[in-house]
Amino acid sequence: MSASLAPPPAGTARQPPLDTRYPVETPEGIDLALHPAGLVPRALAFAVDLAIRGLLLLLTFLALGQFGELGMGLTSLLVFLVTWWYMVLFEVLNQGRSPGKQVLGLQVLHDDGTPVGWAASLTRNLLRVVDLLPFGYSLGILSCLAHPTFKRLGDLAAGTLVVYRERPSSHPALPEVAAQPAPFALQADERRALLAFAERQSTLSAGRRRELAGILAGPLQVPEEQAEARLLGIARELLGPT
Amino acid sequence: MKQTPFERRHQADWQDFARQLDALERGKPGPDSRQFPAAYRRLCRQLALAEERGYGSRLVEQLQQLALRGHHQFYRHRSHLGAQGIGFLLGGFPHLVREEWRLVLAASLLFYGSLLAMGLLVYHFPELVYSLLAPDQVVQLEAMYDPDASRLGRFGERSSAADWMMFGYYVMNNLGIAFQTFAGGLLLGLGSLFFLLVNGLSIGAAAGHLTGIGYTDTFWPFVIGHGAFELTAITFAGAAGLKLGWALFAPGRLPRGEALRQAAARSVRLVAGALLLLLIAAFVEAYWSSMTFTGTPLKYAVGVLLWGLVAAYFLLAGRPAHAPD
């Protein structure tokens with residue numbers, strides 16, 4: 001490993017991200033990027049959970065209604081469980097995912113990126129009643145919209161975060177072109193930008209590719225039409241022999 | 001080293017790690033789970049290298065995803081709920097209550113104060129009960145504690161086999177009230193104050209009214225037993241809510257968000273304790289308080305005993321036998 005003693009050039013990695021990514025530094029000394037989920041997916045997940053709970057209660061009423069007083073007692077216990085414990089049990093026992101969150105690809109985590117535990121899950125779900133105030137989740141929605149990582153009040157108190165579960169991304173292949181050396185030494189972030197351009201080029205239109213590559217025509221000392229091919233060649237060179 | 005040779009060299013490692021992760025996420029760790037921490041650290045090192053060397057974002061993202069999944073598995077809170085619960089019951093809970101004695105005292109003063117005041121008022125000015133309870137509620141209340149009924153309490157007019165129903169009803173009703181009292185604390189403590197006051201007033205009104213019309217032999221023996229747990233639990237839930245409110249109102253040297261988080265972590269344990277108390281209360285209320293075959297003196301004796309037990313538990317349990325080092 002070639003550890004350079006010089007401080008990293010300003011603005012390479014530790015800048016606050018432009019998007020809503022939420023960096024978490026782990027004890028292993030790496031930065032994990034979490035993607036907090038906004039109001040709409042969370043509301044949809046809640047709607048799914050609400051429907052499931054409604055169905056569950058309906059079935060309970062139909063099934064246990066036959067059993068008279070014993071059935072009524074069991075029904076009240078179940079109503080209690082479903083109203084107050086449905087979310088907590090699923091979140092703690094199913095890696096931060098209630099069924100609704102699972103459908104929407106969301107997950108509840110502690111602020112430090114670790115899976116949510118009993119205390120935090122209980123806190124955020126008991127405080128849900130305050131988010132509901134004064135009607136239809138008003139406080140929760142306002143808090144969610146105003147907070148940089150979209151927390152409702154329960155999340156603020158419990159120190160939890162609702163994030164997207166990462167899904168495996170597709171692996172775009174680099175076009176097969178001859179490797180060409182870069183005309184000058186590249187910084188790490190320049191290398192990254194160049195590789196990102198090469199990896200994403202199949203998703204860009206030809207005009208956009210030419211426009212982006214044209215920005216670098218000057219430094220590369222090539223005519224604008226050849227800049228794109230040149231960039232891909234340099235990217236191929238950066239990747240090394242296959 | 002360039003990116004492609006790097007990938008080629010470690011690809012097998014990563015696939016192996018992903019397989020381990022799949023197994024752990026399904027909750028079935030394979031025989032190689034002992035190597036998981038080492039594999040996780042290795043992956044973190046490789047991710048750091050890949051970022052440092054400016055490898056492509058595809059590779060870095062792939063490694064980040066693996067690291068994130070590994071982080072989730074590695075730092076999962078595998079709490080031994082049973083052992084923790086026993087420790088909490090034996091010492092943690094009373095200790096916590098004593099540590100938060102100011103808030104518990106404040107909540108108790110408000111709750112019992114409003115209860116006593118309303119009770120005395122209604123006892124001396126009987127018509128005041130209608131300022132809080134609707135006439136049909138009062139009729140219902142009187143029916144519950146009618147000395148001629150064979151069973152007491154809510155659903156008193158029903159015969160036996162209703163114990164289950166009563167238990168379920170008490171759990172749902174009382175725990176709902178306790179949870180609301182706690183959650184209301186997030187509104188600068190106002191919600192908790194409100195619920196403590198309202199519950200104190202209505203219980204006081206009921207007690208004053210029933211005593212005033214001479215149902216003392218049915219009402220007091222009925223409530224004294226489970227009251228020890230139920231009333232205590234409501235004050236604890238109120239204290240937990242007040243703690244949230246106080247953290248927002250006077251966060252001290254912390255930012256408000258941080259103060260709230262720290263207060264919530266403590267107060268939720270108080271609520272968990274209150275939940276246990278309320279389960280006990282519901283059990284006692286359904287299976288002991290409603291029984292009429294026992295004599296009134298026995299009911300009072302058991303009630304006093306339960307109050308004494310609760311007081312002793314919260315005053316004495318969990319104190320270290322020796323001075324701490």
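Predicted model: local features only at pLDDT ≥ 70, side-chain atom pairs only at ≥ 80, totals over all residues.
B:Leu49 sits in helix α2 of chain B.

Helix α2 (residues 36–52) of chain B packs on α3(B) at an angle of about 150°, and the two axes are 9 Å apart. Since angles over 145 degrees count that way, α2(B) and α3(B) are therefore roughly antiparallel to each other. Their crossing is left-handed. On the α2(B) side, the contact is made by B:Pro37, B:Tyr40, B:Leu43, B:Cys44, B:Gln46, B:Leu47, B:Ala50 and B:Glu51. Helix α3(B) answers with B:Leu59, B:Val60, B:Leu63, B:Gln64, B:Leu66, B:Ala67, B:Gly70 and B:Phe74. Sorted by class, the residues of this contact come to 12 nonpolar, three polar and one charged.

Helix α3 (residues 57–74) of chain B also packs against helix α1 (residues 3–25) of chain B, here at an angle of about 30° and with the axes 11 Å apart. That angle makes α1(B) roughly parallel to α3(B), and the crossing between them is left-handed. From α1(B), the contact draws on B:Gln3, B:Glu7, B:Trp14, B:Phe17, B:Ala18, B:Leu21 and B:Leu24. From α3(B), it uses B:Leu59, B:Leu66, B:Arg69, B:Gly70 and B:Gln73. The class count for α1(B) with α3(B) is seven nonpolar, three polar and two charged residues. As for α3(B) itself, B:Leu59, B:Leu66 and B:Gly70 turn up in the contact with α1(B) and again in the contact with α2(B).

Further along chain B, helix α5 (residues 101–124) meets helix α8 (residues 190–212), with axes that come within 7 Å and cross at roughly 30°. Angles under 35 degrees count as roughly parallel, and α5(B) and α8(B) therefore run that way relative to each other. In this pair the crossing is right-handed. The residues of the contact divide into 19 nonpolar, nine polar and no charged.

Turning to chain A, strand β3 (residues 106–110) is mostly covered, with four of its five residues buried. Five bridges tie β3(A) to strand β4 (residues 160–164) of chain A, and the two strands run antiparallel. Within this pairing, A:Val108 stands opposite A:Val162 of β4(A). In a regular strand, side chains alternate between the two faces of the sheet.

Finally, there is the contact between the two chains, which takes 53 residues from chain A and 51 residues from chain B. On the chain A side, the elements that each supply at least two residues are β2 (31–34), α2 (68–93), α4 (118–126), α5 (128–131), α7 (153–158), α8 (188–200) and α11 (227–239). The largest share of that side comes from α2(A), with 11 residues. By class, the side of chain A that touches chain B has 31 nonpolar, 15 polar and seven charged residues.

Methods:
Residues numbered from 1 in each chain as written. Chains lettered and ligands numbered in written order. Axes fitted to C-alpha atoms, helices over the stretch in contact; angles between N-to-C directions. Parallel < 35°, antiparallel > 145°, perpendicular 65-115°, else oblique. Left-handed = near helix turned anticlockwise from the far one by under 90°. Contact = placed C-beta atoms within 7 Å. Nonpolar A, V, L, I, M, F, W, Y, C, P; charged D, E, K, R; others polar. Buried ≥ 20, exposed ≤ 12 C-beta atoms within 10 Å, placed from the backbone. Pairing = 2+ DSSP bridges.
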